[in-house]
Amino acid sequence: MSGPRAGTAELDVGGLRVTYRNGAAAVRGVDLAVGAGEVLGLVGESGSGKSTVARAVLGLLPRGAAVTGNIRVGGRELVGADPRAWRAVRGDVIGYVGQDPFAAFDPRLKVGASIAEAWRAKGRTPPAGAIPERLAALGVPDADAAARRRPHTWSGGMLQRAAIAAATALAPTLVVADEPTSALDAGLADATLAHLRATGAAVLLITHDLRLAARHTDRVAVMYAGRIVETGDSGEALSRPRHPYTQALLAALPRPGHPLPEPLPGEPPSPRRGADAGCPFAPRCRRVRAECSDDVPAPIDGVACVAAR
Ligand SMILES: Nc1ncnc2c1ncn2[C@@H]1O[C@H](COP(=O)(O)OP(=O)(O)OP(=O)(O)O)[C@@H](O)[C@H]1O
């Protein structure tokens, strides 16, 4: 699998483990890297741990969550950093785009004033004309007038672009985008992700939408039960998947003109279970064999599966 050269990644996550205060071990040893200008898609079923990885990278996990491993952004280690250090990197070095643009904007403020907060939070003033300029660059029509309106007068698609303008206002080198287009129709989602890529930042794009990932990411990492089970160039991994889980996810996608496919049978394991003895996907896997219960398979050549070798 290609990826950023060693030591050149904007985001370098190694051996990341996150356990919530209630004992849920949501992330159980994740390694991933995103290079400058690269878009990495983190995909997987609901509950696989994608948002937990995103929240860990943003330093926004709830109180009491235990984090071990490494999260390096621009070479700087953030695991164990104090809240002040996290606040310093958020906005300046790491931008965040969430799912719901209406939740991201204060309904009482004009959209331009909300975007200006990105600078003001750091004690700075937005350069003259910068906000409408950025909105216009992101495809917001009549950006000057639009910036002077409150969010309820904006469409969801346009407001999501304003959220990208706010997240990238200070030119962060990394953007974490957690399901940023789930509220948008397919055409708007495509345009919004193209704009996100055009910012030139390294992007960690969390999505459960494999088709979206295939169109808008350079590489993908497929998560199951707190671990990455397959990584690869998106074109390859999402057209010729090697892990039975990735294969099942793709087989479960509806296709026009075809009968609705069978959903993936069974349920993912609970994050509150203890340490895994064997492959956590084995109970749902159609290629399961005896050795799958021996150990958690280590990734070899991007695939963590003994049957795929
Ligand atoms: N604050 C929390 N306390 C305890 N458990 C949590 C908390 N947040 C998430 N979890 C659990 O951690 C696991 C991973 O959740 P996470 O939200 O990271 O998955 P996800 O892949 O992003 O799913 P989704 O797409 O539904 O957001 C889930 O089992 C979830 O219930």
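Select L204 first: apart from residues up to four places away in sequence, L204 touches L11, V34, L40, L42, A54, V57 and V176. Here two residues are in contact if their C-beta atoms, placed from the backbone, lie within 7 Å. The model is predicted: local features need pLDDT of at least 70, side-chain atom pairs count only at pLDDT 80 or more, and totals for chains, interfaces and linings use all residues. Residues are numbered from 1 along each chain as its sequence is written.

Next, select L11, A162 and V176 together with L204; these have the most contacts inside the largest nonpolar core, which has 85 residues. Such a core is a set of buried Ala, Val, Leu, Ile, Met, Phe, Trp, Tyr and Cys residues joined through C-beta atoms within 7 Å. A residue is buried if 20 or more other C-beta atoms lie within 10 Å of its own, exposed if 12 or fewer, and partly exposed in between. Helix α7 (residues 156-167) supplies the largest share of this core, 8 residues. Helices (H or I, at least four residues) and strands (E, at least two) are DSSP runs, numbered from the N terminus.

Now select residues 219-224, strand β9, which runs antiparallel to β10 and is joined to it by 6 bridges; two strands pair if DSSP finds at least two bridges between them. M223 has I228 in β10 as its bridge partner. Between the strands of this hairpin lie 2 residues, and A225 takes a positive phi near 50 degrees. Strand β10 (residues 227-233) is largely enclosed by the rest of the structure, because 6 of its 7 residues are buried.
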